[in-house]
Amino acid sequence: MDTAIFQILNSLTLISILFLVAIGLTITFGLLGIINLAHGEFFMLGAYTVVVGSEIGLPLPLILVATPFVVGAFGAAVEQAVIKHLYSRPLDTLLATWGLSLVIRQVVLIVFGARQRGSDALFSGTISIVGVDY
């Protein structure tokens with residue numbers, strides 16, 4: 001039973017992450033009419049911003065406040081440099097964001113390598129949920 005509850009809690013965590021990505025895609029498509037195939041890579045840049053901030057010794061609460069601004073600035077730069085010129089051409093926007101996703105993935109792979117990275121935990125210890133330590 002403990003394993004089932006643990007798996008449910010892990011599933012809820014992953015569902016919340018996927019919900020955040022999906023709502024970002026929905027807002028982008030709903031407001032701008034753009035299908036952004038690089039949206040997952042923007043999410044990845046946010047994760048790597050947390051990792052870099054953690055590795056240089058910044059406190060995690062500061063990193064969590066700064067990360068949306070860093071990714072937002074990168075997104076604004078991409079919008080000004082690429083997307084703005086393609087608003088009336090949805091297929092070209094689709095191809096441009098797909099190409100951007102390939103470039104971002106390869107740059108991150110070159111800069112950070114293929115090994116898994118992590119950051120400090122915001123909270124330490126465990127919490128007991130329905131008798132299961134999580």
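Modeller: Let's start with handedness: a crossing is left-handed if the near helix is turned anticlockwise from the far one by less than a right angle, and right-handed if clockwise. In this model, helix 2 and helix 3 cross in the right-handed sense. It's a predicted model, where local features need pLDDT of at least 70 and side-chain atom pairs count only at pLDDT 80 or more, while totals for chains, interfaces and linings use all residues. Side-chain values use heavy atoms, without hydrogens and water, and residues are numbered from 1 along each chain as its sequence is written.

Colleague: Why are helix 2 and helix 3 called oblique to each other?

Modeller: Their packing angle is about 140 degrees. Under 35 degrees counts as roughly parallel, over 145 as roughly antiparallel, 65 to 115 as roughly perpendicular, and the rest as oblique. So the pair is oblique.

Colleague: How do you know which residues of helix 2 meet helix 3?

Modeller: Contact means heavy atoms within 4.5 Å. On the helix 2 side, Phe42, Leu45, Gly46, Thr49, Val50, Gly53 and Ser54 meet residues of helix 3, including Leu60, Ile63 and Phe74. By class, that contact has 10 nonpolar, six polar and no charged residues.

Colleague: What makes Ala81 buried or exposed?

Modeller: Buried means under 20% relative accessible area, exposed over 50%, partly exposed in between (1.4 Å probe, protein chains only). Ala81, at 53% relative accessibility, therefore counts as exposed. Ala81 sits in helix 3. Over in helix 2, the buried residues include His39, Glu41 and Tyr48.

Key: Axes fitted to C-alpha atoms, helices over the stretch in contact; angles between N-to-C directions. Helix = DSSP H or I, 4+ residues; strand = E, 2+ residues; numbered from the N terminus. Nonpolar A, V, L, I, M, F, W, Y, C, P; charged D, E, K, R; others polar.
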